[in-house]
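Visitor: I would like to learn how to read a structure like this one. Could you walk me through it, feature by feature?

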Amino acid sequence: MSAAGIAAGTAAAQGKSSAGGAAGIVTTAQARKTAPRPAPAALVTGTMAGGGARFRLEGRLLTVTLRAPLSRLPRGGQRLVARCGDSVGNGFDEGEHAPIQPLFTSPPAQRAVHVARGARTVRVRLPRDVAARANHCTLIGTRGRAQTVRLQAQMRLGAGARPSCAPAPAERVLASDDELLVTDFAPSEALTGFNDDHYIRTCLTSSGRPRALTAVSNYRYGGSSIGSVVVNGTWVAWITASGDTITFHDQLSVSVADVGRDSSRPTTFTYVNDNQAAAMRISQLALADDGALAFPLVTTRSNGFIAPNGMYEQHYDYETRVEAGRPGGRAVTLATVDADSITGAAFAEGTSETVTWLEAGVPRSAALPRG
């Protein structure tokens, strides 16, 4: 190609480049204008029970504002540890065997800070940002084995992207629907001191925030365990079985709660069996969209006797009751059958007024009274 041809081609290329968008080339200034802005850091806030301190976690920065200076600090101040994360150790009655510290489903973000005596504000920059899923922050200081300071608050999302209801790596899903997720967290024995501690919590998809629901713990002389869990909308129902090796009392409890209301307290229907030779079980749970419950309660009694031929024979007697109840009310017995033959307990479609079931394959129904 001639020198003139090369010059013409170069000029044409320069012309296309100067056209910018026509050539598909974006300048640095244009890139700055069109680049999406980074999402703001999540903000969670909480107030200690009794109002002794306010917690504010924005991204990595934790600010704790004290209503009064910490009087228990030594004159030169003290090293305190700030910790924030996704916890199941708050929000329910933890009971006698609960661990002293909150249990985090994943490693929390924490950092030590020196707090001077008389300080009213403590600021800590945590090593990583856990604000999007943090629901618990603590500020703890120790001298020897004694805790001299323990401030804690349950945190709520104030700003930022709504977290999703994804279970933590240590959790397993017990039940879920479009509105609610129920998970089970079983910490190691090293954290709790017991072999089979379980913490149950829920998560509303509309808010993305977890809420602790209940806890069960097996210990040396007995304990309890979670059975079936069902959800319907924002309602959750679950079975708890418990007993001990000293009194041999067996107990079944059926609880229901509306997770959509923060002030909601579970309603529990409890059945106690003080006969060592008897067993109880609930084979299924029916849960209506207003929290009404229905379930068959099967009681098995074992009767042993010596037959005429001198051999010991075992005989079992069964009784099945169809139980039902509403939140805030009492359980009622809708039917009693001397057999283990009731299946398919449910509510008539679109209502909680009528309970249906099969008795030896035959359809039955009964009205659930109000109140």
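This is a predicted model: local features need pLDDT of at least 70, side-chain atom pairs count only at pLDDT 80 or more; totals for chains, interfaces and linings use all residues.

Guide: Gladly, and let us begin with a term we will need: a residue counts as buried when its relative accessible area is under 20%, and as exposed when that value is over 50%, with partly exposed in between.

Visitor: What percentage of the residues in the chain is buried?

Guide: Of the 371 residues in the chain, 39% are buried.

Visitor: How many helices and strands are in the chain?

Guide: The chain has three helices and 25 strands. As for contacts between residues at least 6 apart in sequence, 51% of them join residues at least 24 apart.

Visitor: Let us turn to disulfides. How many does a search of the whole structure find?

Guide: The general idea is that a disulfide is a covalent bond between the sulfur atoms of two cysteines. Here the search of the whole structure finds two. Counting bonded cysteines along the chain, the pattern is 1-2, 3-4.

Visitor: Which residue forms a disulfide with Cys84?

Guide: Cys84 is bonded to Cys137, and their sulfur atoms are 2.1 Å apart. This pair links distant parts of the chain, with Cys84 in strand β4 (residues 78-85) and Cys137 in strand β7 (residues 136-143), 53 residues apart. The torsion about the S-S bond of Cys84 and Cys137 is about 120°, so this disulfide is right-handed. Cys84 has 0% relative accessibility and counts as buried, and Cys137 is buried with a relative accessible area of 0%.

Visitor: And what is the handedness of the link of Cys165 and Cys203?

Guide: That link is left-handed, with -80° about the S-S bond of Cys165 and Cys203. Cys165 sits in the loop between β9 (156-159) and β10 (171-176), while Cys203 is in strand β12 (residues 196-204), so the pair ties together parts that are 38 residues apart in sequence. The S to S distance in the disulfide of Cys165 and Cys203 is 2.1 Å, and both Cys165 and Cys203 are buried.

Visitor: Now for sheets. In what order do the strands of the open sheet of five strands run?

Guide: In general, strands of a sheet pair through backbone hydrogen bonds, either parallel or antiparallel. In this open sheet the order is β6-β3-β2-β1-β9, and the pairing is antiparallel. The edges are β6 (121-125) and β9, each with a single partner strand, so one side of each is left without a neighbour in the sheet. On average, neighbouring strands of this sheet are turned by 20° against each other, direction ignored.

Visitor: How many bridges join strand β3 to β6?

Guide: Five bridges join β3 (residues 61-66) to β6, and the two strands run antiparallel. For a spot to look at, find Thr65, which stands opposite Thr121 in β6.

Visitor: Salt bridges next, please. How many does the structure hold?

Guide: To read one, look for a side-chain nitrogen of Lys or Arg within 4 Å of a carboxyl oxygen of Asp or Glu. The structure holds 11 salt bridges. One of them joins Arg201 to Asp86, with the closest N and O atoms 2.7 Å apart. Arg201 is in strand β12 and Asp86 in the loop between β4 and β5 (109-115), so to speak distant parts of the chain, 115 residues apart.

Visitor: Are Arg201 and Asp86 buried or exposed?

Guide: Arg201 is buried, at a relative accessible area of 2%, and Asp86 counts as buried at 5% relative accessibility. Asp86 and Arg201 also belong to a network of salt bridges that links them with Arg133 and Glu171.

Visitor: Which residue forms a salt bridge with Asp290?

Guide: Asp290 forms a salt bridge with Arg326, where the closest N and O atoms are 3.6 Å apart. Asp290 lies in the loop between β19 (286-287) and β20 (293-306), and Arg326 in the loop between β21 (312-325) and β22 (332-337), 36 residues apart.

Note on methods. Residues are numbered from 1 along each chain as its sequence is written. Side-chain values use heavy atoms; hydrogens and water are left out. A disulfide is a pair of cysteine sulfur atoms within 2.5 Å. Helices (H or I, at least four residues) and strands (E, at least two) are DSSP runs, numbered from the N terminus. Buried means under 20% relative accessible area, exposed over 50%, partly exposed in between (1.4 Å probe, protein chains only). Contact means heavy atoms within 4.5 Å. Two strands pair if DSSP finds at least two bridges between them. Axes are lines fitted to C-alpha atoms, for helices over the stretch in contact, and angles run from 0 to 180 degrees between N-to-C directions.
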